[in-house]
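Hi everyone, thanks for coming. I'd like to walk you through one model today, so let me put it up on the screen.

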Amino acid sequence: MSGAASDIGVAVVGAGGWGKNHVRNFAALGALRTICDQSEAVRARHAEAYPETTVTAELGRVLEDPAIQAAVVATDAPSHFEVARALLEAGKDVLVEKPLALRGADAERLVALAEERGRVLSVGHLLLFHPVVERLKAIIDAGELGEVLYLVCRRLNLGVVRHEENAWWSLAPHDLSIATYLLGADPTHVAATGGTFLQTDAGIEDVCFATVRYPAGRLAHVHVSWLDPHKTRMTTVVGSKKMAVFDDTSPDQKLRIYDKGAEPLPEAISYEQGVRVRTGDIVVPAVRMAEPLRRECEAFLESVRTRQPSRADGRSGLAVVRALEAGAKSLAEGGREVAVG
Ligand SMILES: NC(=O)c1ccc[n+]([C@@H]2O[C@H](COP(=O)([O-])OP(=O)(O)OC[C@H]3O[C@@H](n4cnc5c(N)ncnc54)[C@H](O)[C@@H]3O)[C@@H](O)[C@H]2O)c1
C-alpha cells in the first residue's frame with residue numbers, strides 16, 4: 001500500500017471519513033509513518049490496511065516521535081485548534097483540514113505560533129489544487145475574462161449533515177478559498193442569512209445564502225446547503241469581457257468559457273438600446289485532471305522540504321476563517337452586513 005519511501009515522516013491525526021484519504025495519499029507518497037485516531041474501530045481498519053504503519057490512540061506518541069516531521073490534522077473541526085497547537089509546539093510542520101479553526105483568534109494564534117517557531121502551516125483548501133481552478137486562475141490573471149466583476153458559488157447536496165458545525169462552516173470554506181484565490185484579495189464584508197430545519201434545538205443552519213464583498217466593488221454570492229435534492233459544485237465567474245463556469249460535477253466539461261458580455265452604450269438613443277449584449281462561442285478548455293488531494297499532499301511535502309509556503313498557507317486559512325466568522329455573526333444578527341475582522 002505504500003509508495004517509495006519519502007525523506008519526510010508524516011502522521012495523520014484523525015483518520016475517519018476524510019482523514020482516510022490523507023492516509024491513502026501519504027502512504028502512496030511513501031511518507032506515512034503514523035496514524036492516530038481516538039476511535040478503536042477506525043484504528044482497527046487502518047491497522048489491517050497498513051500493517052507497516054504505527055497506529056495509535058495517543059497524540060503524545062506523535063508529538064514525541066522525532067521521525068515525524070509533519071502531521072495532518074483531520075479531526076473534527078472543534079478540535080483543530082488544540083491538536084494543531086500541540087503539534088506546532090512539538091516542532092512539527094502541520095497541515096490542518098479546513099476550517100483552520102472555528103474562531104479567528106485561534107486561527108491567528110496558530111499562524112503566529114507557526115511563524116514564531118519557523119514551522120510550516122498549511123490548510124486543507126483542497127480546491128486550490130484542483131487543476132480546473134488552477135487553469136481558471138491563469139485565464140483570469142491573463143486578463144481573458146476582462147475585469148472580474150462577481151462570482152456565484154453553489155455547493156449543494158443532500159447530506160453530509162454535520163452536528164459540530166453548520167453548513168456555512170462546513171461547506172463555505174471551499175467557496176471562500178476559491179473566490180479569495182481567484183480574486184487575489186481578502187474579503188472585506190459578509191452578509192449572510194440561513195435556515196435551521198433539521199437540528200432546530202441546536203440551532204445548526206442547513207442552508208446559507210451569503211454575499212461576500214471584496215475590494216474594488218467585487219462580489220461573491222455563496223449558497224451552501226446539505227438539504228438540497230441536487231448535487232451542485234459550481235462556480236460562475238462573470239468578467240467584463242467573458243464569463244466562465246467551473247462545474248465540478250460535469251464529467252467532461254468542468255470548465256466552460258463563454259464569450260458573452262454586455263456593455264453600456266454611451267451614445268444610446270433609447271432605453272432599449274442602452275446596453276449591447278454580445279453572445280459568442282462557448283469554449284471547453286482541455287484540462288488534464290489529477291486528484292486535488294494528492295496535489296495538496298504533494299504541495300505540503302514540498303513546503304516541508306523547501307520551507308516555502310504553498311498557496312494554501314496558514315495566512316490564507318486565517319483569511320477564510322475571518323470571513324467565516326463575519327458570516328456567522330451576520331447569520332446570528334439576521335443578515336446584517338459584518339466587516340471581516
Ligand atoms: N477538504 C475537504 O474536502 C474535506 C472533506 C470532508 C471533511 N473535511 C474536514 O475533515 C475533518 C474531519 O471530517 P470527517 O468527515 O473525516 O470527520 P469524522 O468524524 O469522520 O472523522 C474525524 C476523526 O477524528 C478522530 N478524532 C477526533 N478527535 C481526535 C483527537 N483529538 N485525536 C485523534 N483522533 C481524533 C475521530 O475519532 C474520527 O475518526 C473536518 O474538519 C472536515 O471539515 C474536509
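I'll go through the ligand site, then a salt bridge, then some backbone details.

A quick word on the ground rules: this is a predicted model, so local features need pLDDT of at least 70 and side-chain atom pairs count only at pLDDT 80 or more, while totals for chains, interfaces and linings use all residues. Residues are numbered from 1 along each chain as its sequence is written, and side-chain values use heavy atoms, with hydrogens and water left out.

Okay, the ligand. There are 23 residues around it, and W18, D37, H80, K98 and R162 come nearest; being near here takes a heavy atom within 4 Å. That shell splits into 8 nonpolar, 10 polar and 5 charged residues, where charged is Asp, Glu, Lys and Arg, nonpolar is Ala, Val, Leu, Ile, Met, Phe, Trp, Tyr, Cys and Pro, and polar is the rest, Gly among them.

For K98, a backbone N or O atom lies 2.9 Å from a ligand oxygen. Then H174 has a polar side-chain atom 3.4 Å from a ligand oxygen. For polar contacts, the cut-off is a pair of N or O atoms within 3.5 Å. The protein covers 81% of the 850 Å² of accessible area that the ligand has on its own, by the Shrake-Rupley method with a 1.4 Å probe.

Next, salt bridges: the structure has 19 of them, each a side-chain nitrogen of Lys or Arg within 4 Å of a carboxyl oxygen of Asp or Glu. One joins R305 and D7, with the closest N and O atoms 3.1 Å apart. Those two are 298 residues apart, with R305 in helix α8 (residues 292-306) and D7 in the segment before β1 (10-13). Helices are DSSP runs of H or I with at least four residues, strands are E runs of at least two, numbered from the N terminus.

Last, the backbone. K98 comes back here: its peptide bond to P99 is cis, omega near -10 degrees. P99 is in the loop between β5 (93-97) and α5 (104-117). G159 and V160 are also joined by a cis bond, omega about -10 degrees.

Technical notes: A polar contact is a pair of N or O atoms within 3.5 Å; within protein, one must be able to donate a hydrogen and the other to accept it, and residues adjacent in sequence count only if both atoms are side-chain atoms.
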